[in-house]
Amino acid sequence: MNTVDRFQALAELDHVTGCINWRSAGDRQVYGVFWLDQKAQRANRVSYNLFIGPIPRGLVIKHSCNNKRCVNSMHLKADTQGQNHEDALNGGLMPVGEECARSDLTEDDVRSMRKEYKEGRTSYGKLGKKYGIAGPTVFRIVKRIYWNHI
Ligand SMILES: [Zn+2]
């Protein structure tokens with residue numbers, strides 16, 4: 001099964017809203033998770049990648065339908081993090097972590113970054129290069145100024 005088939009098998013069209021809802025989202029899991037390249041990835045980001053194209057660096061994927069389980073690429077758009085934050089605030093949904101305006105890191109990235117730093121033999125700059133973010137951002141992540149809910 002190729003990636004697109006595998007992806008589509010996990011999602012279901014809602015004929016009323018036109019949303020394609022991710023099936024395997026558990027109760028606690030707001031966003032669908034899709035395993036790709038041995039990594040858990042956000043289903044809406046994977047959808048954008050598969051059906052629209054690469055997500056421009058630094059942009060986040062927003063839902064025009066406000067349904068976080070939706071992976072319909074027609075309902076997704078890449079937008080700046082600031083706008084996403086603002087919309088979420090306006091909508092009364094205060095985002096944390098992966099949805100927050102820091103980067104397109106995943107929670108797993110944050111955990112392994114802190115682990116690697118703790119184990120030594122690396123630096124904020126090196127970690128920044130590895131994860132595609134600035135050294136000072138790594139510092140803030142390691143010091144739990146950012147992503148302090150993990
Ligand atoms: Zn939708």
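This is a predicted model: local features need pLDDT of at least 70, side-chain atom pairs count only at pLDDT 80 or more; totals for chains, interfaces and linings use all residues.

Biologist: Which residues of helix 5 are buried, and on which side or sides of the helix do they lie?

Modeller: Within helix 5, which spans residues 124-131, the buried positions are Tyr124, Leu127 and Tyr131. Because they cover an arc of only 65 degrees around the axis, they lie on the same side of helix 5.

Biologist: Is threonine 122 buried, exposed or partly exposed?

Modeller: Threonine 122 is found in the loop between helix 4 and helix 5, where, leaving out residues up to four places away in sequence, it touches Glu116, Tyr117 and Leu127. A residue needs 20 or more C-beta neighbours within 10 Å to be buried and 12 or fewer to be exposed. Since threonine 122 has 14 such neighbours inside 10 Å, it counts as partly exposed.

Biologist: What distance separates the C-alpha atoms of arginine 23 and arginine 69?

Modeller: Arginine 23 sits in the loop between strand 2 (20-22) and strand 3 (33-36), and with 12 C-beta neighbours inside 10 Å it counts as exposed. Apart from neighbours within four places in sequence, arginine 23 is in contact with Leu10, Ala11 and Glu12. Arginine 69 is 46 residues away from arginine 23 along the chain, and the separation of their C-alpha atoms is 8.3 Å.

Technical notes:
Residues are numbered from 1 along each chain as its sequence is written. Helices (H or I, at least four residues) and strands (E, at least two) are DSSP runs, numbered from the N terminus. The arc is that of the directions from the helix axis to the C-beta atoms. Two residues are in contact if their C-beta atoms, placed from the backbone, lie within 7 Å.
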